[in-house]
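Hello,

Here is the structure I promised to pass on. Please open it and keep it beside you while you read my notes.

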Amino acid sequence: MATVSIRDLEIDFGTLRVLQTLNLDIAEGEFIVLLGPSGCGKSTLLNAVAGLLDVTAGQIWIGGKNVTWEEPKDRGIGMVFQSYALYPRMTVKGNLSFGLKMAKTPSEEIEKRVAKAAKILQIEPLLNRRPSELSGGQRQRVAIGRALVRDVEVFLFDEPLSNLDAKLRTELRVEIKRLHHELGSTMIYVTHDQIEALTLADRIAVMNGGVIQQLASPKEIYRRPVNRFVAGFVGSPG
Ligand code: ADP
Ligand code: MG
């Protein structure tokens with residue numbers, strides 16, 4: 001668990017300003033959803049927290065530490081993407097162990113953590129399969145497992161359910177919610193899906209044009225949108 005604090009963050013791609021002096025304080029164990037239309041800067045914000053791109057100005061703090069210029073691997077974060085990004089030649093177990101091996105974790109410890117994550121995510125029977133032998137939902141569980149084994153402080157999700165059919169989406173949504181209750185980790189979750197945001201979030205940051213338009217609980221956002229954009233976006237069907 002860790003706090004995440006984004007201070008006066010600005011991100012430019014060339015002459016394009018994608019995030020404009022953005023501020024966001026996330027509490028320990030909080031589930032924050034970044035909600036907004038395609039192109040509004042959600043992934044850019046998440047990637048900045050993950051350390052996958054250089055910030056133009058501003059700072060990112062995780063767990064009370066300024067990590068603005070830290071390597072991704074030193075930030076205590078785990079990221080789950082829309083595309084599963086699993087290693088195709090490795091088994092599920094290999095995929096789960098890989099990061100820990102790279103970090104020179106003792107093999108006994110790796111075994112223990114992989115077993116625990118597999119249990120939590122209910123993928124124990126799949127450990128010896130390869131990604132090509134898994135369903136989309138199973139692959140996404142493995143992707144979550146890769147963050148889980150690393151005991152990360154903060155989980156970052158970028159539209160993790162977008163590639164799944166409606167039934168699996170609902171199922172995994174419940175699973176992610178359960179995971180949050182069980183682990184108590186801080187989670188930042190990007191989606192353009194209003195229902196996902198309303199059901200998962202402690203607080204929703206509604207974004208448009210690189211700006212947070214409203215930051216509030218789902219109830220508050222739904223009942224008292226602060227402007228037309230929020231009202232239109234949150235009120236529109238799926
Ligand atoms: P979202 O995740 O909300 O759909 P993104 O954060 O991916 O939006 O993108 C925000 C804006 O920044 C878009 O206009 C996109 O085209 C632009 N953008 C994103 N990544 C890059 C990049 N690496 N280089 C140039 N422009 C980018
Ligand atoms: Mg995106």
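Start with strand 7, residues 154–158. This strand is mostly covered, with 5 of its 5 residues buried. Bear in mind that the model is predicted.

Now look at the side chains of strand 7. Val-154, Leu-156 and Asp-158 point one way. Phe-155 and Phe-157 point the other way. Both sets are buried, Asp-158 included.

Next, the neighbours. Strand 7 pairs with strand 6 (residues 77–80) in the parallel sense, over 4 bridges. There, Ile-77 stands opposite Val-154. Strand 7 also pairs with strand 8 (residues 186–191), again in the parallel sense, over 5 bridges. Here Phe-155 stands opposite Met-187.

What do strand 7, helix 5 and strand 8 make together? They form a right-handed β-α-β unit, with helix 5 covering residues 166–183.

The largest nonpolar core holds 62 residues. Those that touch the most other members are Ile-32, Val-33, Leu-34, Val-49, Leu-156, Ile-188 and Tyr-189. Take Val-49 as a case. Which residues does Val-49 contact, leaving aside its neighbours within four places in sequence? They are Val-4, Ile-60, Ile-77, Leu-156 and Ile-188. Find Ile-77 in that list: this is the residue opposite Val-154.

Now the ligand. The residues around ligand 1 are Phe-13, Leu-16, Val-18, Gly-36, Ser-38, Gly-39, Cys-40, Gly-41, Lys-42, Ser-43 and Thr-44. Two elements give two or more residues to this shell: strand 2 (16–26) and helix 1 (42–50). Helix 1 gives the most, with 3 residues.

Last, another set of strands. Strand 3 (residues 31–35) and strand 9 (residues 203–208) pair in the parallel sense over 4 bridges. Leu-35 has Val-206 in strand 9 as its bridge partner. Strand 9 is also joined to strand 10 (residues 211–216) by 5 bridges, and these two run antiparallel. One bridge there links Asn-208 with Val-211 in strand 10. Strands 9 and 10 form a hairpin with 2 residues between the strands. In this hairpin, Gly-209 takes a positive phi near 55 degrees.

Best wishes

Methods. Residues are numbered from 1 along each chain as its sequence is written. Chains are lettered from A and ligands numbered from 1 in the order in which they are written. This is a predicted model: local features need pLDDT of at least 70, side-chain atom pairs count only at pLDDT 80 or more; totals for chains, interfaces and linings use all residues. A residue is buried if 20 or more other C-beta atoms lie within 10 Å of its own, exposed if 12 or fewer, and partly exposed in between; C-beta atoms are placed from the backbone. Two strands pair if DSSP finds at least two bridges between them. A crossover is right-handed if, with the strands pointing away from the viewer, the path from the first strand over the helix to the second runs clockwise. A residue is near a molecule or strand if its C-beta atom, placed from the backbone, lies within 6 Å of it. A nonpolar core is a set of buried Ala, Val, Leu, Ile, Met, Phe, Trp, Tyr and Cys residues joined through C-beta atoms within 7 Å. Two residues are in contact if their C-beta atoms, placed from the backbone, lie within 7 Å.
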